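This briefing covers nonpolar cores, aromatic pairs and a few individual residues. Keep the sequence and the structure open alongside it.

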Amino acid sequence: MTDIHRNAHTVTRWQIGTDLPFETFRRDFERAAPVFDSAAVESITARGGSWDEIRAAVAANAPHGLMIFASIDAKPLMSAAGHHNPAVEYLLGNHVIAERMYRHSPLALLYAPLRVLIFADEHGNAVFALDQPSTVFAGLDDPRITEVGHELDRKVTALLAVIGVDPQEILTDGN
């Protein structure tokens, strides 16, 4: 018999108007969360380097604790259908942080890295959208993983502050 588990849980989505032009916010976001330097990590693992070396390489790569693993620019994909509103999806994370969840359950990789969407509103300003990490990871029913999700909540809001978006109203649960 097939072993199937179902787990319904509630997720909170953050949709944050930035009052910054789309291209300005995108540029600043990509500077604050640089692209993952896979060559540095591959070099360490290829020579049998340590996890501490990986941590150091990641810390050097991600000055604000998060980096971009991939991006998809939706505008070229959607323009043939007549949609010209800019929107870019990102996979944002830090595999050193993800490991702290993975050690408790490989299911954490369903949600790490985080999915972020930046799109332009009707005025051309950027909107930052993300399912709140702590609420996403809470669905794995392990308080150790949920706590790392709360840490990611704080890292994302700190990243937004670096870009110039006031994070004070984002976290409503006191974390």
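In this predicted model, Phe128 has 0% relative accessibility and therefore counts as buried. Phe25 likewise has 0% relative accessibility, so Phe25 counts as buried.

**Aromatic pairs**
- Across the whole structure, a search finds six aromatic pairs.
- One of them joins Phe25 and Phe128. The geometry is edge-to-face, with 6.3 Å centre to centre and 70 degrees between the planes.
- Phe25 sits in helix H1 and Phe128 in strand S5, so this pair ties together parts that are 103 residues apart in sequence.
- Tyr111 and Phe137 also pair. Their ring centres are 6.0 Å apart and their planes stand at 85 degrees, so this pair is edge-to-face. The cut-off for that label is over 60 degrees.
- Tyr111 lies in the loop between H5 and S4, while Phe137 lies in helix H6 (residues 133-138), so the pair ties together parts that are 26 residues apart in sequence.
- Phe137 counts as buried because its relative accessibility is 0%. Tyr111, at 27%, counts as partly exposed.
- One aromatic cluster is formed by Phe25, Phe29, Tyr90 and Phe128.

**Largest nonpolar core**
- The largest nonpolar core has 34 residues. Phe25, Phe29, Ile118, Phe128 and Phe137 have the most contacts inside it.
- Elements that give two or more residues to this core include strand S1 (13-21), helix H1 (22-32), strand S3 (87-93) and H5. Strand S4 (114-120), strand S5 (125-131) and helix H7 (143-163) are also among them.
- H7 gives the most to this core, with seven residues.
- Leaving aside neighbours within four places in sequence, Phe29 is in contact with Ile68, Tyr90, Leu92, Val116, Ile118, Phe128, Leu159 and Ile163.

**Second core and Val41**
- A second, separate core has eight residues, including Val41, Ile44, Ala62 and Met67.
- Val41 lies in helix H2 (residues 38-46). Its relative accessibility is 13%, so Val41 counts as buried.
- Beyond neighbours within four places in sequence, Val41 is in contact with Phe36, Ile54 and His95.
- Val41 and Ala81 are 40 residues apart in sequence. Their C-alpha atoms are 39 Å apart in space.

**Val96**
- Val96 lies in helix H5 (residues 95-102). At 14% relative accessibility, Val96 is under the 20% cut-off and therefore counts as buried.
- Outside the four places on either side in sequence, Val96 is in contact with Trp51, Ile54, Arg55 and Val58.
- Gly65 is 31 residues from Val96 along the chain. Their C-alpha atoms are separated by 9.6 Å.

- Asp153 lies in helix H7.
- Which side chain of opposite charge is nearest to Asp153? That is Arg154, 6.5 Å away.
- Asp153 is buried yet has no salt bridge.
- The Asp153 side chain does make a polar contact, at 3.1 Å, with the side chain of Gln132.

Technical notes: Residues numbered from 1 in each chain as written. Predicted model: local features only at pLDDT ≥ 70, side-chain atom pairs only at ≥ 80, totals over all residues. Heavy atoms only, no water. Helix = DSSP H or I, 4+ residues; strand = E, 2+ residues; numbered from the N terminus. Buried < 20%, exposed > 50% of the residue type's maximum accessible area, 1.4 Å probe, protein only. Contact = heavy atoms within 4.5 Å. Core = buried A, V, L, I, M, F, W, Y, C linked by side-chain atoms within 4.5 Å. Phe/Tyr/Trp six-rings, centres within 6.5 Å; stacked < 30°, edge-to-face > 60°. Lys, Arg positive; Asp, Glu negative; His and termini not counted. Salt bridge = Lys/Arg side-chain N within 4 Å of Asp/Glu carboxyl O. Polar contact = N/O pair within 3.5 Å; in protein donor to acceptor, adjacent residues only side chain to side chain.
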